[in-house]
There are 2 protein chains.
Amino acid sequence: MFMRALVTGGAGFIGSHLVDRLVSRGDEVLVVDNLSSGVLEFIQGHIDSGAVDFHQVDLKDLESLKPLLNGVEMVYHLAANPDIRLGTRITDTDLKEGTIATYNVLESMRLANVEKIAFASSSVVYGENAPMPTPENHGPCLPISLYGASKQAGEGLIGSWVGTFGLQAWIFRFANIIGERGTHGVIFDFIHKLKADPSRLEVLGNGLQEKSYMEVGDCVDAILHVIDNTDERINLYNLGSNDTCSVRNIAAIVVRETGCEGASIEYTGGDRGWAGDIPKAMLAINRLKELGFKVNYDSEEAVAHTARVLIQEIMG
Amino acid sequence: MFMRALVTGGAGFIGSHLVDRLVSRGDEVLVVDNLSSGVLEFIQGHIDSGAVDFHQVDLKDLESLKPLLNGVEMVYHLAANPDIRLGTRITDTDLKEGTIATYNVLESMRLANVEKIAFASSSVVYGENAPMPTPENHGPCLPISLYGASKQAGEGLIGSWVGTFGLQAWIFRFANIIGERGTHGVIFDFIHKLKADPSRLEVLGNGLQEKSYMEVGDCVDAILHVIDNTDERINLYNLGSNDTCSVRNIAAIVVRETGCEGASIEYTGGDRGWAGDIPKAMLAINRLKELGFKVNYDSEEAVAHTARVLIQEIMG
């Protein structure tokens, strides 16, 4: 299984955990990251030890990307704008950092004859009003966020490279991935708000939003497990946990873990945090389990664990 | 129903037929077309009569597009690279003329507060191995051509504009649309081949490819019928006919209609015409029919009709 792997977004939250796993099993790892949201410190130890070859390259720059693919056997394409809400204000970020970046990765792979790709897609491709839990064969998929549109576009581009140029692909539709080194998301936001003002916590929406949360270690273990146990030309799997956790519950957990028990929790109201947010989401993970994978953390455990580690990271 | 409508690709094959309908019912029609595959002659009569305001603008040029949206009430976004096979040789055409062009249309609409869009998507978004006939809720959709990827990306972008910016949308997944003014496709190709050499006809693949064909007049009637009879925020419909026609049968029809009965039909072999071609496709059109729409032409009738009109256009 030792191979030359390239991880896009490898200095990011999920990417850096994947890099940890690949290094520990002996893969030769190239990381490509523009450090727009990635944090070099996350992988500095691997760079210093010589286990990771780091390139600060922007995926939008096709010409700089191309030569990096020479000799690569497997691409893990995780780079993306991680801030879903941004699309409500700036409309071309997901197009450029998501869709066009994915095109550039695929085109570079084609030119260098790299044959395998794993792609981080998202549960948000299912859009609104999908059945819960949502199976992989749900349709039609009409995402409601610009981030979701870019993930769906990435899936389609990969499908077309598989069908037209003979690529082999693994597509993972992620639930909300949380844990150590998280750089965005609801838990991260709550901790920052309480750090700024321990007396109150503003919650976007009515707090009844309810989603599946998966711990990042579970997520990267699942990625590698699925790749090791499947071999179709295109393999598409939901990755998530067995249950959901409400935003109201997350607020209570973060208030408790920060020791801000006196904070008043204030809801901005409405069924969702922002236009394009999906209020309720839970993925069916039967197919993942049928491959023999066991999820360690349920959603609430993952939230509590994440709150504890992020409080350490943010509040010190 | 008189409104100010903008038709992208309005000088093209399907677009020009739609323009005919919109003009005849009294809409004020703007056509935007870069004439890369559109033919000005198709709408010259309407331009001369003042019924159509024509702008030779490339949708890739966002700044030139923006001002054209002022005062528009409805956008029919039909512009695209029409040559699916091109993606096997040039990989960025569908990204630019499809995905990025659609982004530019949506962004221009957002800036000008235009609220309604109809989009020409395609049956190829369903990818390979979909059940036949394929219903709209089939999933997962993994297109195998770069053209299909761009259509799926367009659907996702539209979904995200609906969910994030309050747009209302109609998405149409087209079967193979054929008829008068066709500028590409199997019938068009066969006639050109027989014009060049009436003694032989080369057919890509084994001829057993089998798809639904819809006559272009049926197609544009169906578009307007669905829009008039639906009012969800996002309305997605398959448009096709009731049956299929094989490539073998199309070859026989074209040979007969051209009077080239002596031509030897030569198959290149294989189950498909090219990498990324879908060998068999038939859309379920129950939902279209439930809206009270009646398809005039079955596939074989549409093929025979198209062969006759294109022979006139091509052979004179």
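The model described here is a predicted one.

**Strand pairing in chain A**

- Taken together with helix α4(A), the strands β4(A) and β5(A) make a β-α-β unit, and the unit is right-handed.

**The sheet of chain B**

- In chain B, 7 strands form an open sheet with parallel pairing, and their order across the sheet is β3-β2-β1-β4-β5-β6-β11.
- Because β3 (52-55) and β11 (234-239) of chain B each have a single partner strand, they stand at the edges of the sheet, and one side of each is left without a neighbour there.
- Direction ignored, neighbouring strands of this sheet are turned against each other by 15 degrees on average.
- Strands β4 (residues 74-77) and β5 (residues 116-122) of chain B run parallel and pair over 4 bridges, and His77(B) has Phe119(B) in β5(B) as its bridge partner.

**Helices on the sheet of chain B**

- Helix α4 of chain B, residues 93-111, packs on the sheet and touches β1 (4-8), β4 and β5 of that chain, while its direction makes about 180 degrees with the direction of β4(B).
- Helix α5 of chain B, residues 146-165, also packs on the sheet, where it touches β5, β6 (168-174) and β11 of chain B, and its direction makes about 155 degrees with that of β5(B).

**Domains of chain A**

- The domain assignment of chain A gives two domains made of separate stretches, with domain 1 covering 4-177 and 214-239, and domain 2 covering 179-211, 243-282 and 297-315.
- Taken over C-alpha atoms, the centres of domain 1 and domain 2 of chain A are separated by 26 Å, and the contact between these domains takes 25 residues from domain 1 and 18 residues from domain 2.
- On the side of domain 1 of chain A that touches domain 2, the elements giving two or more residues are α1 (13-24), β10 (213-215) and α7 (216-229) of chain A, and the largest share, 3 residues, comes from α7(A).
- The residues on that side of domain 1 of chain A divide into 11 nonpolar, 9 polar and 5 charged.

**How the two chains meet**

- The contact between the chains takes 36 residues from chain A and 36 residues from chain B.
- On the side of chain A that touches chain B, two or more residues are given by each of α4 (93-112), α5 (146-165) and β11 (234-239) of chain A, and α5(A) gives the most, with 13 residues.
- The residues of this side of chain A divide into 15 nonpolar, 17 polar and 4 charged.

Notes: Residues numbered from 1 in each chain as written. Chains lettered and ligands numbered in written order. Predicted model: local features only at pLDDT ≥ 70, side-chain atom pairs only at ≥ 80, totals over all residues. Pairing = 2+ DSSP bridges. Axes fitted to C-alpha atoms, helices over the stretch in contact; angles between N-to-C directions. Contact = placed C-beta atoms within 7 Å. Nonpolar A, V, L, I, M, F, W, Y, C, P; charged D, E, K, R; others polar. Domains from an automatic or database assignment. Right-handed = clockwise from strand over helix to strand, strands pointing away.
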